[in-house]
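Please look through the sequence and the structure shown here before reading on. The paragraphs that follow lead from the meeting of two chains to single parts of each.

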Amino acid sequence: MEFFERLKKWIGKQSRRFVFFLRNKAVGFVRGIFRFFRAIVLGVRNFFISIYKAAKEHPKSFRKGLMSFFLMGLGQFRNKQWYKGGIFLGIFLVFLIVEFVTSDYIYAPAELSQYPADDQLYFFRDYGGIITRGIWGFFSLGALSMGDAYRGITIVGEDARYSWMLADNSRTLMGEGIIIAVLMVVLIGLWIANIRDAYKTDLRIRAGEKVESAKEWVRSIWDRNFAYIITLPGAILVLFFILMPFLFSFLVAFTSYDAAITLRMDLIAWETETFTDVLFGGEPAWRSFFFDVLRWTVFYAILSSVTVYILGFIQALIINSKYVKFKKVWRLILILPWAVPGMVSLLVFSNIFGGTHGLMNNILADFGIVDNVREFLRTIGLIGSPREEGNIQWFTHPDNANLARAIVLTVNLWMGFPYFMLLITGVLGTIPQELYEAADIDGGSAPQKFRFITFPWVLRATAPVIITTFTFNFNNFGAIYFLTGGGPRYHTADVPNALRGIEPGQTDILISWIYTMAFESGDHDAYNLAAVYSILVFIMIAVVSLYYLSKLKSFWEEDD
Amino acid sequence: MKMLKFKKGLAGTLIHIWLIISVIICLVPILWMLSAAFSDVPHIGRVPIIPNITELSLTNFEEIFTYRSRSGQMFPDYIRSFLVTLAVATISTTLVVIFSSLVGFAVTRFRFRAKKPALLLMMGLQMFPGFMGMIALFIIFRVFGWLNNPFFLALIYVAGAIPFNTFIVRGFMRNVPKSLDEAAAIDGATNLQILVKIIVPLAAPIMGFIAVNAFMGPWMDYILPSILMPNNETVAMWLFRMNAPDTQPHEPMWFMAGALFVTVPIMIVQIYMQKYVTYGLTAGAEKG
């Protein structure tokens, strides 16, 4: 009993710490945002001050910078650094050529006289290259959909004589817009570097210093930026395949994009309504269901982490005990569930319980105990349906939510405990034997040794893993999607109209609900709502992980 | 004395009963999968738990190794999905090892201004539900014509693995004494030579761990390929399709056979890799 007292105390202490951390961070967070904006404002101010100073103190060098301002590389040419100027000019030309080649500028005059625009002309939409058109599309998300009248013709979905007669696809425009935005950031960065370089080199020339040769320049870049250069391929991949999609889905939360939008027929618009509606008003159902699912998600994440930990601990202790021979054999068999890929086990289990004629029901029927089992499950509150005959509906009956949830947790236990068994077995080996010897001398009993030596030691060593397991389970999409598919459904009467078609199942955790909401609800797909929810999930996971990170000193250590 | 012996005997017996029960519970689903894979019972719910040795049948394997959903296909569906996944896994493993070691080297051996923000950013990116970027990835893939192309799917796995691996490699390379590369630098080795000749050989075990993980990843990933490879099925998609009641063919028995075929090698690797189990969780946590 004392053990539970201690555990309770420990949990209480941890949760108090967490709340304290949150409160602290909330203050720090606001302060951080404030500092962030102040830093931006100050940065911009200092930037202009430094430009002003440069213009005043070194007007001639400043002029070189100005040359590079108007045309990349020009200042470098004046500095007689042909190689450098060539590279900068080349980069600039590449952007220009790409813009021009992908544009239709040359056709514009002829077509404009043939199809004059009476009131409204979207010039960059009609003739712009990938850059100007991308920028236009990103801000407007399209202007014309099928059937609109424009420049004397009707906008169509396909088979148009000129490309500008085609309807806008808001989704593509948004995606391309983000790609262009990233490219523009790169270009602007290079452009600023080019201006600074022209200015600084001129300063050095005037001070009578030797200007580096082409070879020296390349060498210095290679040496100085070696860390950046070798990180570059990886960074580009992360930027393109992780960060950009992340930005995109973040932005989708602020659009009107749902299944009611047929691309090309309708336009997507920028709006904040969905976001504010979820948080503050609009549909109360969006919030209440979210909290229902959130409650089950947290419950599931905590319980699934704790149960696998406890069972893993027990198994590790048992196999480690002196009574057990052939430890390796037992361990090998017990880790098999961990070795089977999760997706396969989950699909196998869905075959065991799923349907009304799954393996489980057949076994129970063969033993003739279906009714007994059902009565038992009803007594302990897992089955809620008042009258149910025949086979047990593990994942399908709306009143059997508790049953389905219990099975989800059990299957998770089956899959997850071997990992902790392995881990804790490893940790047990690191406990110094002297501790136990000292306890023996003092006459400590086995339970006491466990309580005062084994348990604290293991808990300390594995505490970070419990947190990562928690965050993993919080987002453990497969554990729900492959096993129950989210079922059982809610009673139709309980589903508010606002969520019809995108309602969660009763075992759905947030992540699997978001997935089905965005991709598998057919005519009801709600991308914007899904994006809003995933931002909320992101924030919650981020808070927990930040807390965890803040406790890991080694993460912040400098590498030296 | 006798009493004590009896007590000890009782404890031993209880422990063994407990162990036997847990072993049975662990084995039953796996045995059932085996049994189903080698059985030709028409309904999956009727497959016996213990494989019936006298009635072993290879029907399911014959079916999956010959079934073509479209006639004229060069390979049967299953073989095809297997080869596609193999391609993805090979490409992503190669690139993951190269990129992760480069990034890990940069992060542990150099001080640069963007380091801390970059590390934080990577931590943050790991927390975002990945598939929400799926719509964007789908658009990018369509705009550039990359849909159904294993190479670009592999690139996503590489990008996804880099943040996590950076921390693992960082944790490992920190413990490689810096005096080694300093000595080499004094002898006139360039940064690149230090990386290739000193760091990479020393980091071989962690690279092996990363490579195995990268290779195993694509086999059981469903969501990404289901959206980016609509006409170029991977093994996970095939497995899922055999189980989904609303698509044809719905053949849970084939699933069992096909799953067994990829599960056995994966299990062997996993069991072999169990000693590395602590690597994965020490991302950034080592040295306590």
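Two residues are in contact if their C-beta atoms, placed from the backbone, lie within 7 Å. By that rule, 76 residues of chain A are in contact with 71 residues of chain B. On the side of chain A that touches chain B, helix 10 (residues 226-252) gives the most, with 18 residues, where a helix is a DSSP run of H or I with at least four residues, numbered from the N terminus. Sorted by class, that side of chain A has 52 nonpolar, 21 polar and 3 charged residues; Ala, Val, Leu, Ile, Met, Phe, Trp, Tyr, Cys and Pro count as nonpolar, Asp, Glu, Lys and Arg as charged, and the others, Gly among them, as polar.

This is a predicted model, in which local features need pLDDT of at least 70, side-chain atom pairs count only at pLDDT 80 or more, and totals for chains, interfaces and linings use all residues. Residues are numbered from 1 along each chain as its sequence is written, while chains are lettered from A and ligands numbered from 1 in the order in which they are written.

Within chain A, the domain assignment, which is automatic or taken from a database, gives domain 1 (10-57), domain 2 (58-271) and domain 3 (284-355 + 393-551). The centres of domain 1 and domain 2 of chain A, taken over C-alpha atoms, are separated by 30 Å.

Phe70(A) is found in helix 2 (residues 59-70) of chain A. Phe70(A) counts as exposed because 9 other C-beta atoms lie within 10 Å, the cut-offs being 12 or fewer for exposed, 20 or more for buried, and partly exposed in between, with C-beta atoms placed from the backbone.

In chain B, helix 5 (residues 134-143) is mostly covered, with 7 of its 10 residues buried, among them Met134(B) and Phe141(B). Just after this helix, Gly145(B) takes a positive phi of about 70°.

Methods
Helices (H or I, at least four residues) and strands (E, at least two) are DSSP runs, numbered from the N terminus.
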